[in-house]
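Please keep the structure in view while reading.

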Amino acid sequence: MTATASAPTQAPAAARPRAFVPALEGMRGLAALGVLLTHVAFQTGAAGTPVIGRVWGRFDMAVAVFFGLSGFLLWRPHAASARGYGVAPRVPHYFRHRVARILPAYWAVVCAALLLLPNAADTAGFRVWVSNLALLQVFVPLTLTDGLTQMWSLSVEVAFYLVLPLLAFAVVRLRGRNARWRAPAIIALAVVSSCWNFLPVPTPDAIHSDNWLPGYLPWFAAGMLLAELVELAAEQRARGVSPKWLRLLGNQALMWSIAAVAFGLSATDLGGPAGLTHADPWQYVAKMVLGTIIGFGLLAPLVLDDAPHRWLESRVAATIGRWSYGIFLWHLVVLSMVFPIFGIVPFNGRFGYVLVLTVVLTVPIAAASYALIEEPARQFARRFDRRKADSVVSS
């Protein structure tokens with residue numbers, strides 16, 4: 001099953017937008033640090049501080065940025081192919097590179113957490129091991145464990161990876177002139193999936209269906225929509241048209257202001273109660289909508305405006321972005337060790353001190369993860385592609 005049924009006609013090269021957007025790496029790094037911050041705030045008790053605590057706790061909206069980035073980067077080849085720019089990757093190639101990107105480093109941190117962290121190791125039975133290694137934590141009760149609780153979002157992300165080829169196949173006929181209907185189709189997907197939490201989905205005890213992919217599709221759809229808009233803008237520019245909507249959505253001051261307002265609203269009861277209290281269905285919907293606005297608002301100027309974004313494109317930001325997956329994977333393991341090693345009592349303050357310690361200790365581990373696991377795995381996948389291509393040519 002593939003969304004590339006026929007070879008499209010190539011459009012003028014001058015119309016093509018940039019394949020790589022450096023500022024996205026910087027934004028990915030900020031999102032990883034945002035996830036780290038919200039977990040430090042929770043485990044030090046800072047999230048319970050009046051007013052500002054709600055803000056610290058709502059940095060979990062960084063997940064909306066992660067999901068939006070995935071939606072944009074993985075959907076963009078399909079959006080481009082539908083308009084005659086190249087061919088989207090075939091399903092085996094796509095899955096091979098997703099596996100190489102995600103699983104080796106993830107399995108390393110799962111093994112480290114379940115073997116080395118006392119609270120995790122003491123409860124790490126067969127079900128916990130299998131559920132975590134297979135990224136099934138959101139489906140199997142009581143398998144989110146110490147040092148790995150953030151992996152619920154990675155489970156959702158991988159579910160999106162699995163579903164994306166089906167979504168691409170569903171709109172495979174929306175090509176050429178019909179490509180204009182792709183953006184409305186994505187918007188419709190986001191609207192429909194926003195109602196997921198109102199459905200009476202039967203689940204085992206301690207499992208909530210609002211942690212499954214359908215509920216978070218609006219956040220991915222924000223990135224998918226941006227992918228369509230980037231390619232639509234390139235198509236219109238090739239015809240000499242400068243669309244007004246492009247200047248509006250590419251305005252960083254405007255879009256980031258909208259994202260900031262949405263973030264502020266998400267830190268109120270509109271975005272759900274503080275702490276781990278389960279949100280009402282309407283609050284869940286509001287949080288999904290606000291997260292979609294945040295992700296779209298932060299990413300839109302980066303991909304729709306060719307102006308440089310110097311800070312996000314700086315060497316420091318690019319480096320943090322390159323290590324962002326490792327930061328996401330390892331920060332809770334590090335945080336779990338910071339408390340006993342430095343004699344700090346959890347949920348008893350010292351937010352700034354614990355935050356600095358966690359960042360300082362996590363970043364070098366993330367750098368090592370990138371150098372020793374992530375990049376070698378990706379290079380292996382690329383070498384496999386080259387060997388396969390060479391064998392096809394020689395046969």
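The model described here is predicted. On that basis, the protein chain exposes about 18300 Å², and carbon and sulfur atoms supply 68% of this area. The chain holds 15 helices and zero strands. Its radius of gyration is 21 Å, close to the 21 Å given by the globule rule for 395 residues, so the chain is as compact as a globular protein of that length.

**Overall form**

- Taken along the principal axes, the C-alpha atoms of the protein chain fill a box of roughly 65 × 50 × 45 Å.
- Of the 395 residues in the chain, 52% are buried.
- When contacts between residues at least 6 apart in sequence are considered, 77% of them join residues at least 24 apart.

**The second largest pocket**

- Rolling a probe the size of a water molecule over the atoms shows where empty space is left.
- The second largest pocket contains about 1200 Å³ of space.
- Its lining consists of 38 residues, and those nearest the centre of the pocket are Arg28, Leu73, Leu74, Arg98 and Arg378.
- Two or more lining residues come from each of α1 (22–44), α3 (62–82), α4 (91–116), α7 (151–170), α14 (324–341) and α15 (351–394).
- Helix α3 provides the largest share of the lining, with ten residues.
- By residue class, the lining divides into 22 nonpolar, five polar and eleven charged residues.

**Buried positions in helices**

- Leu299 belongs to helix α12. A residue counts as buried under 20% relative accessible area, and Leu299, at 1% relative accessibility, therefore counts as buried.
- Apart from neighbours within four places in sequence, Leu299 is in contact with Leu24, Met27, Val65, Gly68, Leu69 and Leu226.
- The C-alpha atom of Leu299 is separated by 20 Å from that of Leu164, and these two residues are 135 residues apart along the chain.
- Ser131 is part of helix α6 (residues 126–133). With a relative accessible area of 3%, Ser131 is buried.
- Residues up to four places away in sequence being left out, Ser131 touches Leu136, Gln137, Val140 and Thr143.
- Glu375 is located in helix α15, and its relative accessible area of 17% makes Glu375 a buried residue.
- Beyond the neighbours within four places in sequence, Glu375 is in contact with Tyr370 and Arg382.
- In helix α13 (residues 315–322), the residues Ala317, Thr319, Ile320 and Gly321 are buried. The buried residues of α13 pack against α1 and α14.

**Loop positions**

- Ala267 is situated in the loop between α11 (252–266) and α12 (281–304). Is Ala267 buried or exposed? At 11% relative accessibility, Ala267 counts as buried.
- With residues up to four places away in sequence not counted, Ala267 touches Arg54, Val55 and Arg58.
- Ala267 and Leu167 are 100 residues apart along the chain, and their C-alpha atoms are separated by 32 Å.
- Leu142 occupies the loop between α6 and α7. Leu142 is exposed, its relative accessible area being 67%.
- Arg350 lies in the loop between α14 and α15.

**Backbone angles in the loops**

- Most residues other than glycine have a negative phi.
- Leu142 has a phi near 60 degrees, which is a positive value in a residue other than glycine.
- Arg350 likewise has a positive phi as a residue other than glycine, with a value near 65 degrees.

Key
Residues are numbered from 1 along each chain as its sequence is written. This is a predicted model: local features need pLDDT of at least 70, side-chain atom pairs count only at pLDDT 80 or more; totals for chains, interfaces and linings use all residues. Side-chain values use heavy atoms; hydrogens and water are left out. Helices (H or I, at least four residues) and strands (E, at least two) are DSSP runs, numbered from the N terminus. Buried means under 20% relative accessible area, exposed over 50%, partly exposed in between (1.4 Å probe, protein chains only). Contact means heavy atoms within 4.5 Å. On a 1 Å grid over the protein atoms alone, a cavity is a set of points where a 1.4 Å probe fits but cannot get out, and a pocket is an open set with protein on both sides within 12 Å along at least five of seven lines; lining residues have an atom within 4 Å of a point. Grid points are joined across faces, edges and corners, and a volume is the space filled by probe spheres set on the points. Ala, Val, Leu, Ile, Met, Phe, Trp, Tyr, Cys and Pro count as nonpolar, Asp, Glu, Lys and Arg as charged, and the others, Gly among them, as polar. The radius of gyration is taken over C-alpha atoms; the globule rule is 2.2 Å times the number of residues to the power 0.38. Accessible areas come from the Shrake-Rupley method with a 1.4 Å probe; for residues, only the protein chains shown count as cover.
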